[in-house]
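Please look over the structure shown here. The report below goes from the overall fold to single residues.

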Amino acid sequence: MSRQAFRSLVFGRSRGERKFARSMSLFAMIAAIATPALGSQFDEQPQAPDQVRVGLIWWPVELTEEGDRFSRSVGKCLSREIEDLAPNVQVVSNFSVRSMLYPLMESETQPDTEEDFGNLLASAQVRTRLAENDLHFLLALSGRTQADDWSEGILCGGGYQAVGCLGFSWSDKETQINAALWTIDGEREPERLTALQQGTSIMPAVLLPIPIPADTQTGACKALSNHVVEQIEVTLRAKTAN
């Protein structure tokens with residue numbers, strides 16, 4: 001199938017149809033990799049394919065409560081979205097991957113720079129540990145959510161038999177998640193991916209201010225999940241072609 005036809009099959013339909021198409025596409029790619037070459041198509045039946053296992057790892061290791069909450073929330077969202085888009089893909093949590101690499105990715109021992117982090121992931125020691133745990137890809141992650149201060153549009157006070165607030169305020173907000181997708185076998189350079197979602201939180205006030213936060217994190221998570229699944233498809237397709 002040509003690349004154009006392949007993309008039309010996967011992206012030109014509803015979310016449910018795209019999910020089914022991606023599942024069948026990954027199924028076929030994994031089967032092509034896992035099944036040994038046959039002398040004749042009638043000699044033996046193809047072997048059942050294994051799942052593609054993708055490990056998550058955050059760098060730097062978050063030391064703040066806010067950073068830890070962000071990484072946990074995004075990690076759960078990525079696992080859910082990726083596995084929903086591609087049921088043949090199993091996502092392994094950041095905690096599990098750090099346990100595989102212990103003590104190399106603890107807060108006291110983690111690499112100080114991005115270059116050192118890349119060198120660590122590229123080392124034979126790390127690749128061996130991850131391969132022994134049946135990982136095929138490693139998704140290295142970083143990111144944050146940033147929000148501006150609320151605008152000054154609400155007045156609060158009290159008077160004769162009355163007290164409360166009146167007005168309207170807003171705050172711009174954005175979430176950016178950066179990722180590098182590594183192949184455990186080291187045959188390809190890491191693919192860098194990013195997702196940025198912007199929004200505006202609002203806070204109307206009639207007697208009491210009621211903040212309504214913009215959910216930029218979910219949008220960024222879903223966008224990155226699509227990028228990751230597409231890149232996994234590209235990588236597996238390249239492997240089957242070799």
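## Overall architecture

How many helices and strands are there in the protein? The count is 7 helices and 6 strands. The model is predicted. Along the sequence, the elements run α-α-β-α-β-α-α-α-β-β-β-β-α.

The protein has 242 residues, and 36% of them are buried. Among contacts with a separation of 6 or more, 70% join residues 24 or more positions apart. The exposed surface comes to about 14,200 Å². Carbon and sulfur atoms supply 52% of that surface.

## The nonpolar cores

The largest nonpolar core holds 28 residues. Which of them touch the most other members? They are Leu139, Leu141 and Leu224. Several elements give two or more residues to this core: strands E1 (52-58), E2 (89-92), E3 (137-147), E5 (162-183) and E6 (191-209), together with helices H3 (65-85) and H7 (216-241). H7 gives the largest share, 7 residues.

Leucine 224 shows what such a residue meets. Leaving out residues up to four places away in sequence, leucine 224 touches Leu78, Leu141, Ile177, Ala179, Leu193, Thr194 and Ala195. There is also a second, separate core of 19 residues. Its members include Val61, Leu130, Leu135 and Trp182.

A search of the whole structure gives 3 aromatic pairs. One of them joins tryptophan 59 and phenylalanine 117. The ring centres of tryptophan 59 and phenylalanine 117 are 5.2 Å apart, with the planes at 10°, so this pair is stacked. Tryptophan 59 sits in the loop between E1 and H3, and phenylalanine 117 sits in helix H5. Tryptophan 59 and phenylalanine 117 are both buried.

Which residues of H5 are buried? They are Phe117, Gly118, Leu120 and Leu121. Viewed down the axis of H5, these buried residues fall within an arc of 160°, so they line one face of the helix.

## Threonine 109, in a loop

Threonine 109 lies in the loop between helix H4 (94-100) and helix H5 (114-122). Is threonine 109 buried or partly exposed? Its relative accessible area is 41%, so threonine 109 is partly exposed.

Beyond residues up to four places away in sequence, threonine 109 touches Pro103 and Leu104. The side chain of threonine 109 reaches the backbone oxygen of proline 103 at 2.3 Å. Valine 61 is 48 residues away along the chain from threonine 109, and the C-alpha atoms of the two are separated by 9.9 Å. Valine 61 also belongs to the second core.

## Threonine 183, in a strand

Threonine 183 is found in strand E5. Why does threonine 183 count as buried? Its relative accessible area is 5%, and buried means under 20%.

Which residues does threonine 183 touch, not counting residues up to four places away in sequence? They are Arg127, His136, Phe137, Arg188 and Thr235. The side chain of threonine 183 also makes a polar contact of 3.3 Å with the side chain of aspartate 185.

Key
Residues are numbered from 1 along each chain as its sequence is written. This is a predicted model: local features need pLDDT of at least 70, side-chain atom pairs count only at pLDDT 80 or more; totals for chains, interfaces and linings use all residues. Side-chain values use heavy atoms; hydrogens and water are left out. A nonpolar core is a set of buried Ala, Val, Leu, Ile, Met, Phe, Trp, Tyr and Cys residues joined through side-chain atoms within 4.5 Å. Buried means under 20% relative accessible area, exposed over 50%, partly exposed in between (1.4 Å probe, protein chains only). Helices (H or I, at least four residues) and strands (E, at least two) are DSSP runs, numbered from the N terminus. Contact means heavy atoms within 4.5 Å. Accessible areas come from the Shrake-Rupley method with a 1.4 Å probe; for residues, only the protein chains shown count as cover. A polar contact is a pair of N or O atoms within 3.5 Å; within protein, one must be able to donate a hydrogen and the other to accept it, and residues adjacent in sequence count only if both atoms are side-chain atoms. Rings of Phe, Tyr and Trp (its six-membered ring) pair if their centres lie within 6.5 Å; planes under 30 degrees apart count as stacked, over 60 as edge-to-face and the rest as tilted. The arc is that of the directions from the helix axis to the C-beta atoms.
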